[in-house]
Amino acid sequence: MKAGQICAVLGAGTMGGGIAQFLATAGCETFLYDIDEEPLVKGLESIRARLLRLEEKKKLSREARESVIARIHPVTDLSSLSHVTCVIEAVVERLEVKRELFAGVEKVVDDQAWLATNTSSLSVTEIATVLHRPERMMGLHFFNPAMIMPLVEVVSGERTDEKVAKQAAEWMSNLGKEAVMVKDTPGFLVNRVARPFHNEAYRIVGDGVAEKSQVDRILREAGFPMGPFELQDLIGIDINYAASVAVYEGNFQDPRFRPHPAQRKLVESGALGRKSGRGHYTYDE
């Protein structure tokens, strides 16, 4: 796999836009797909704004910024992806939505193109059941913000061809990411390890031991880049909660991984973090 291959990113939201920006910055022609124009316009505006900030900080030249934008091609028709060599899906964390999308993608892309999902909580194996060639399907789990965070989990499903997974891991490494190959287990590696970090923080606050801001400050002082509550606001509380539920259910409701009801209430109320303007903290638009 070469840096300059032709990629498709499905979903122009926070993760999809970040992945598209990363790939285009690395030199890949990138087709950014969404179901209609509105999310594409919004996604491209976010990418342009981030690149402009980099230029203003002297971290990117004007020519480089314009080149990155020129390599991102917005599309709303799956047939526009017939010539891509790789597909990375980053749509809503709903199994049926991802399955339907991949079934449609497989009909238009070349047989040699490989397919990947950015899911953080769903089974790669389950998503791939709709495919005629599930061996070319894997997980490529980026972390938010995708254009900055170095880690990428390369997830092999039950029928993933290990050669394809290894090629994808090598490709990610060549593009500057730290690729870690993992199996298709609940939460993969990072989300499973992170459950106590998040769940215990809720229990500390729920038991009245400390306020959220105190927990975040203490953990930053202990060496973490962000505390659990500010990190959830960045990731999306709904995304984090989905990962918690997936790990809990996938481990047969092991009490160690039980999600906290306070997090569910936040999701149900629409307090999802930065993207909704409020979560554990409030944010100006």
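Biologist: Of the contacts in the chain with a separation of 6 or more, what share comes from residues 24 or more positions apart? Please go on from there to the two domains.

Modeller: This is a predicted model, in which local features need pLDDT of at least 70 and side-chain atom pairs count only at pLDDT 80 or more, while totals for chains, interfaces and linings use all residues. Residues are numbered from 1 along each chain as its sequence is written, and side-chain values use heavy atoms, with hydrogens and water left out.

Residues 24 or more positions apart account for 65% of the contacts in the chain with a separation of 6 or more, a contact being heavy atoms within 4.5 Å. An assignment that is automatic or taken from a database divides the chain into domain 1, covering 6–183, and domain 2, covering 191–275. The C-alpha centres of domain 1 and domain 2 are 26 Å apart, and their contact draws on six residues from domain 1 and seven residues from domain 2.

For the chain as a whole, the C-alpha trace spans about 55 × 45 × 35 Å along its principal axes. The radius of gyration, taken over C-alpha atoms with a globule rule of 2.2 Å times the number of residues to the power 0.38, is 19 Å, which agrees with the value near 19 Å for a compact globule of 285 residues. Buried residues, those under 20% relative accessible area with a 1.4 Å probe and protein chains only, make up 48% of the 285 residues.

Notes:
Buried < 20%, exposed > 50% of the residue type's maximum accessible area, 1.4 Å probe, protein only.
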